[in-house]
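Me: Please take a close look at how secondary-structure elements pack in this model. I would like one connected account, with the criteria stated.

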Amino acid sequence: MILRRLAPVVQPLLSVLGAFVVAGIVVWACGGSPFEALSALLQGSCGSSTGLLRTLSKATPLLLSGLAVAVALRAGLFNIGAEGQLILGALAAAWAGHAFTGLPAWIHIPICLAAGVLVGGLWAAIPGALRAWRGSHEVIVTIMLNYLAIQFAHFLVNGVMKDPGSMAPATAMVEPSARLWAAADGSNFSAGFGLALLAAVGVAVLLRRTALGFEIRAVGLGADAARVAGVNVGRTMVSAMALSGALAGLAGAIEVLGVHRRYLDAFSPGYGFDSIAVALLGGGSPVGVTLSSLLFGGLSAGATYMEAWTHVPRQIAGIVQGVVIFSAGARYLKGRRR
Amino acid sequence: MRADNPPAVHMRNITKRYPGGVVANNAISLTVLPGTAHAVVGENGAGKSTLMGVLYGSVRPDAGSIEIDGAPVTLRRPADAIRHGIGLVTQHTTMIPALTALDNVLLGFEPVRFGTLDRRTGRRRVEELSAQAGIEVDWLASADTLSVAALQKAEIVKALYRGARVLILDEPTATLAPAEADRLFAVVQGIVASGASVLFITHKLREVLEHSGHVTILRGGAKTGDRVTSETNADELVSLMLGADRSAVRLEQPQRDRSEPSDVSLQVRALTVRGRGGRPAVHSADLTVRTGEVLGVAGVDGSGQRELAEAIVGLRPTVSGSVLLCGEDVTGSSVAFRAAAGIAYVPEDRHREGLILDFDLAENLLLGRHRDASAGGGRFLQRRRVLADAERLLTESGVASAGPLSPASSLSGGNQQKVVVARALARNPRALVAMQPTRGLDVGASAAVYDAIRAHTAAGMGVLLFSLDLDELREVSDRIAVMYNGRIAGVLDRDEAGVERLGKLMTEGRP
């Protein structure tokens, strides 16, 4: 009984532990020292204040887009399109960041964030609406919309939106009034992390304490019962997807305003895809997603350090990620089949 | 029976404890002789399903042993049970809708020739078996086009095809009309005559008395008796099932003065509704439910009851006609609007449509009222109010639970249904549409459900009660409408609604 209640906590911990063991075996088999590698990984991710800040900065987009995937997941929808929503959100924020000039920061920053939220949300509402009213599976549609978003952004940033003064395919820098506060130690830590935590609290309140969140959870766990009880299932699905896209768009906007200060083509190393693993490992709950984004952020921050100091390649961290994704996915499938 | 024949099944001292301390089976022994129809009766929670699960290998007992045809066996999973000749036909079909009935039967045990599926051999064998058992099914029709009764027969053939010598039927008549139930028991007799055994679980004592050779009675996880059916009677069975102290609990006839026709609660005018696949399912139906009245709707399963009910509550669009609540036209408005206006609904399938099993009870009771401030709903939910409201509803409706925060899946079927009904009645509706509200419930839980409904009819609520159980309809309805092929074939007053008359309307569509 107690074991069953603890399962949602214990299972992810075990899969993380297992992942480290597997990665350790690989390191050992390649002639490295697993313990040295682990200690370097820990040192790099939380052994110094810069390391810690780097972990938090890497965790920021993962947390936000992880929340995005989680919200959809709670409505029973699999949003594979967080990457595309994040990219378009970033592009919109970058545009708002340099198109408006002469605004005070307290107006300009919210405008840019809102642009990212709006564009991400609208982009994700498309697969939501297609699913709700046409029955097209959201997984297929979001995957296809990812290609559209990536290529469209690529096209714009190499064309009309390209900064003429720059060699790289990138937009102009955003106005200083649109920049989020950031640490100066090269960790890329910015106020965006605080915003992401606020978003996590917001999502938790939404799911637990509001009628909309109640409807989202009802549709996710029992769409038929929800429909019979008078919930508009289609509208709830569209709302959940729009919210999901809004969070992913916010992730993109914060990367632009807090880290890159402009939209840089292919700036995302696949945050939107990693976020699926973050959401699954976190069990779709805001607290779980926060913790798992910190883990993935730490892995990413520590891996660079580990590679520099122990000659263990950073891809080892990818193995840890892979195993975690694998077991989280297996757990998710098992839960669905029940 | 001959003494040299070992029993087909001999379960000895089966004990099963569930986590949480519930003893579902306490040292129960069960002997089924070859070539007999053996009934297992008991209330919900008596341990029938667990005992059958043990025999089918899907439940691992904590203690006890099983012998089949005299040889001890260990049944770790259903595959073991099937190998030993045990077959199970559940209440809910296991057929894959898109496959034909034939393919469903062959699935997993396909006859193979040259490495490919040999449908012809399979079909011959299936038809042979069904002819023996007196079963007729359109084997080449896809499963989703078959009626509940046909699916059940296909399930029986499926079990026989897999070599079942002991067939377990779990509440086989729960969803059948009387004539279909009689046909089913004819099939059972055919199977028994061929030397195999049939074990059937039921609540209906009439079926036990008419169709079984032996009967085992369970109560509260223990066996209270084994009888040869010809040597017992209904009174004895009831007292064994309920315990002597509770044998008085039965569905009582509602005592109501037959007052003059009063105001109209719910009215359906010339309603035409399409069913699955766009086929017309309800043709120009007219019904009037008066305030304070229970209008029963009888009919063979699949006569359009479901479509009619869903159109009334707003789940299904109407082609033409109108639905009026207390004179107000609600045709075309949403489920939520109609619910707020006063149409409550108790759906047929409480697991899928009634409850969200992974939600806790408070959440389930809130569902549908979550924008209703008096229930603690609204844009922001008022948690304390929601809990208090749930607590009150659970107490009032006598739900046995570990409180409003326990998941709906932890309740027994009867208590789950009490929750569904409590939620439907929580808004003091002006009309209630109930689909088989006591399906699968024991006598006590059924009485509780009707008590709750009755308390509201006394206050003027009209009830449209759909049921396949004629005895039940005749007990609780003021008038009974009969559906035949999507039409209202007739509406009878309770006094004139004899079983024969109803049966004729149900099967022929005319008096």
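**Helix packing and a sheet**

Reply: Helix H2 (residues 34–46) of chain A packs with helix H11 (residues 286–310) of chain A at an angle of about 125°, and their axes are 7 Å apart (axes are lines fitted to C-alpha atoms, for helices over the stretch in contact, with angles from 0 to 180 degrees between N-to-C directions; helices, H or I of at least four residues, and strands, E of at least two, are DSSP runs numbered from the N terminus). The model is predicted: local features need pLDDT of at least 70 and side-chain atom pairs pLDDT 80 or more, whereas totals for chains, interfaces and linings use all residues. Residues are numbered from 1 along each chain as written, chains are lettered from A and ligands numbered from 1 in the order written, and side-chain values use heavy atoms, without hydrogens or water.

H2(A) and H11(A) are therefore oblique to each other (under 35 degrees is roughly parallel, over 145 roughly antiparallel, 65 to 115 roughly perpendicular, the rest oblique). Their crossing is right-handed (the near helix is turned clockwise from the far one by less than a right angle). Among the residues of H2(A) in the contact are A:Ala37, A:Ala40 and A:Leu41, while H11(A) contributes residues including A:Gly298, A:Ala301 and A:Tyr305 (contact means heavy atoms within 4.5 Å).

In chain B, 4 strands form an open antiparallel sheet in the order E14-E13-E16-E17 (strands pair if DSSP finds at least two bridges between them). E14 (280–290) and E17 (328–329) of chain B each have a single partner strand, so one side of each lacks a neighbour in the sheet. Helix H9 (residues 305–313) of chain B packs on this sheet and touches E13, E14 and E16 of chain B; its direction makes about 120° with that of E13(B).
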